[in-house]
Amino acid sequence: MDKERRKRGIVIKDDWPGYSLDLFTYPEHYHEDIESVYIPHGVIRNRIERLAHYIVDDFGENAIMVLCVLKGGYKFCADLVDFIKVFGRNSSKYLETRVEFIRLKSYLNDQSTEDLHIIGSRDLSFLHGKSVLIVEAIVDTGKTMKALLKHVETFEPKMVKVAGLLVKRVPNMAESLTDYVGFEIPNHFVVGYALDYNEYFRDLNHICVISKTGKMKYKV
């Protein structure tokens, strides 16, 4: 049961409306652009701390090559690596971590596209023989993650695991691709905690549901 809970993460039901904006602080310039606070910042960080515990247990004494998927994954990655280091300092399971970055683009406005673009160097030869942890903020159909995993495997890493902060419940959802899940959420377009809508909302600490007004205001 513990492994199953780890796999699915915290399941947020379809009818969850989120919290009223009046209960939290957030940048005032987004007042009309978000509907609710879907996952508060403190809850996010506490769940990431639990994922770090699972990762430390699973990787044993293997040094971790962390591959952070930018831009949306940078806060998740930073907090996750910090918690892994804290566990190491407070136990005999210190894991050496090295973080590298890769940037992917597969969204236009709020729609996932068929095309995966790896921005920057495609040479990931430094992954050869390493224990790799891919850190991604959000996984839905898995098209992007499948393409990335296929690309990573060509460099013959020792093993590859995936940590996803959010997994969306969509047709053909990619739950099986993600070894560590923070939250399983309905098919809502969410922003904040470095998740963006056309480069806006990354400065929100909470994960929030974007409003129709917000979508129209920042549409490209």
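Is E199 buried, partly exposed or exposed? E199 is partly exposed, with a relative accessible area of 39%; buried means under 20%, exposed over 50% and partly exposed in between, with a 1.4 Å probe and protein chains only. The views below show a predicted model, in which local features need pLDDT of at least 70, side-chain atom pairs count only at pLDDT 80 or more, and totals for chains, interfaces and linings use all residues. Residues are numbered from 1 along each chain as its sequence is written, and side-chain values use heavy atoms, with hydrogens and water left out.

**View 1. The whole protein chain.**
The protein chain has five helices and 10 strands. Helices (H or I, at least four residues) and strands (E, at least two) are DSSP runs, numbered from the N terminus. Of its 220 residues, 48% count as buried. The protein chain exposes about 11200 Å², and carbon and sulfur atoms supply 50% of that area; accessible areas come from the Shrake-Rupley method with a 1.4 Å probe, and for residues only the protein chains shown count as cover. Among contacts in the protein chain with a separation of 6 or more, 70% come from residues 24 or more positions apart. Contact means heavy atoms within 4.5 Å.

**View 2. Helices α2 and α3.**
Two packed helices are described by the angle between their axes and the distance between the axes. Here the axes of α2 (residues 41–59) and α3 (residues 74–89) come within 8 Å and cross at roughly 55°. That angle makes α2 oblique to α3. Axes are lines fitted to C-alpha atoms, for helices over the stretch in contact, and angles run from 0 to 180 degrees between N-to-C directions. Angles under 35 degrees count as roughly parallel, over 145 as roughly antiparallel, 65 to 115 as roughly perpendicular and the rest as oblique. On the α2 side the contact is made by R45, I48, E49, L51, A52, H53, I55 and V56, and on the α3 side by F76, D79, L80, F83, I84 and F87. By class, the contact of α2 with α3 has 10 nonpolar, one polar and three charged residues. Ala, Val, Leu, Ile, Met, Phe, Trp, Tyr, Cys and Pro count as nonpolar, Asp, Glu, Lys and Arg as charged, and the others, Gly among them, as polar.

**View 3. C208 in strand β10.**
C208 lies in β10 (residues 207–210) and is buried, with a relative accessible area of 0%. C208 and S36 are 172 residues apart in sequence, but their C-alpha atoms are 5.7 Å apart in space. Not counting residues up to four places away in sequence, C208 touches I34, S36, V37, Y38, F189, V190 and V191.

A63 is found in the loop between α2 and β3 (64–70). A63 is partly exposed, with a relative accessible area of 38%. Leaving aside neighbours within four places in sequence, A63 is in contact with E96 and S131.

**View 4. Backbone details in two loops.**
The peptide bond from L70 to K71 is cis, with omega near 0°, and K71 lies in the loop between β3 and α3. A194 is found in the loop between β9 (190–191) and β10. Although A194 is not a glycine, its phi is positive, at about 80°. A194 is buried, with a relative accessible area of 0%. E199 is found in the loop between β9 and β10, and its phi is near 75°, a positive value in a residue other than glycine.
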